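Thanks for coming, everyone. I'd like to walk you through one structure today.

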Amino acid sequence: MNSTNNTFDFAQKVALIAGGTGGLGSALATELRSRGCIVVTVSRTQLTQSTQSPDPNHIAADLRSPDSATAVIDQVIAKHGALNIVINAMGVVAFGEISATSIDTVEEVFLTNTFGHIFLMQAALRKISQGSVLVGISGIIAEQNLPGMSVYGASKAAVRSFDEALAREARKVGVRIIDARPPHTETGLASRAVAGTAPKFPRGLEPVAVAQRIITAIANGETDLPSTSFSN
Ligand SMILES: NC(=O)c1ccc[n+]([C@@H]2O[C@H](COP(=O)([O-])OP(=O)(O)OC[C@H]3O[C@@H](n4cnc5c(N)ncnc54)[C@H](OP(=O)(O)O)[C@@H]3O)[C@@H](O)[C@H]2O)c1
């Protein structure tokens, strides 16, 4: 286990989860709330309460722009007075051989997965307090890319590489980075591909198990979660 000596106290900490309406993001939100965190989620979809009024713990925003990322971070800090955890669980996937892939697809995947991640982490690091934790979810594909997934895999390898350098920069200001690389997980992401059709994957991990492993890593001061650190 790659870890530092500190442990993390979740009580009353403010957490922002990008992609918090997704399979992994919503499991992470549930885990963090159960540990006493104040959780704000963000995704493009507006969430409403039973009264049809907007969910006060959700921000509807498209994080494919630096201004949007900065505005979301500022909004959370203005409302809650702090920001202690940022998890980027937003992403899109595309399948298909590169010879049959459009440039629009390449742009959409990189804008969301890579640029969106960089925008969010940059905005967060500029404002987040000492002792905070930032989490990227690059995934197992960042360790070994696969035919038919070249664009998605490359967008995630860039995230892993970014997180590696970010970790060393952030350490200087007392902020911890975790790059998580879970194997295939049963969130339905593959069925929502922005292009192409998913191959038949063996059954993946349960989202709750992956979320719990990431939260344990935050709790225990870990700094890297390779694919081998996840199991059902
Ligand atoms: N599932 C897996 O097998 C697996 C394995 C390893 C790593 N990962 C990574 O884990 C992360 C979460 O995946 P998941 O499986 O939970 O996917 P998911 O269920 O499809 O969730 C994706 C989330 O991202 C949000 N999102 C997409 N584009 C956005 C944008 N432009 N701005 C703001 N939010 C946006 C979606 O909400 P809206 O559509 O409402 O915006 C949704 O909340 C992704 O980065 C994925 O690559 C997944």
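**Around the ligand**

Start at histidine 184: an N or O atom in its side chain is 3.4 Å from an oxygen atom of the ligand. Keep in mind that this is a predicted model.

How much of the ligand does the protein cover? On its own, the ligand has 890 Å² of accessible area, and the protein covers 92% of that.

Now, where does the ligand sit? In the largest pocket. Two elements give two or more residues to the shell around the ligand: helix 1 (23–34) and helix 4 (150–171).

There are 27 residues around the ligand. Thr21, Thr45, Tyr152, Thr187 and Arg192 come nearest. Sorted by class, the shell holds ten nonpolar, twelve polar and five charged residues.

Glutamine 12 is in the segment before strand 1 (14–18). Its phi is positive, about 65°, although glutamine 12 is not a glycine. Is glutamine 12 buried or exposed? Exposed, because its relative accessible area is 60%, and the cut-off for exposed is over 50%.

Then there is glutamine 52, in the loop between strand 2 (38–43) and strand 3 (58–60). Phi is positive here too, near 75°, again in a residue other than glycine. Glutamine 52 has 60% relative accessibility, so it counts as exposed.

Terms used. Residues numbered from 1 in each chain as written. Predicted model: local features only at pLDDT ≥ 70, side-chain atom pairs only at ≥ 80, totals over all residues. Heavy atoms only, no water. Near = heavy atom within 4 Å. Polar contact = N/O pair within 3.5 Å; in protein donor to acceptor, adjacent residues only side chain to side chain. Areas by Shrake-Rupley, 256 points an atom, 1.4 Å probe, with all protein chains shown as cover. 1 Å grid on protein atoms, 1.4 Å probe; cavity = no way out; pocket = protein on both sides within 12 Å on 5 of 7 lines; lining within 4 Å. Sits in = over half its atoms within 2 Å of the grid points. Helix = DSSP H or I, 4+ residues; strand = E, 2+ residues; numbered from the N terminus. Nonpolar A, V, L, I, M, F, W, Y, C, P; charged D, E, K, R; others polar. Buried < 20%, exposed > 50% of the residue type's maximum accessible area, 1.4 Å probe, protein only.
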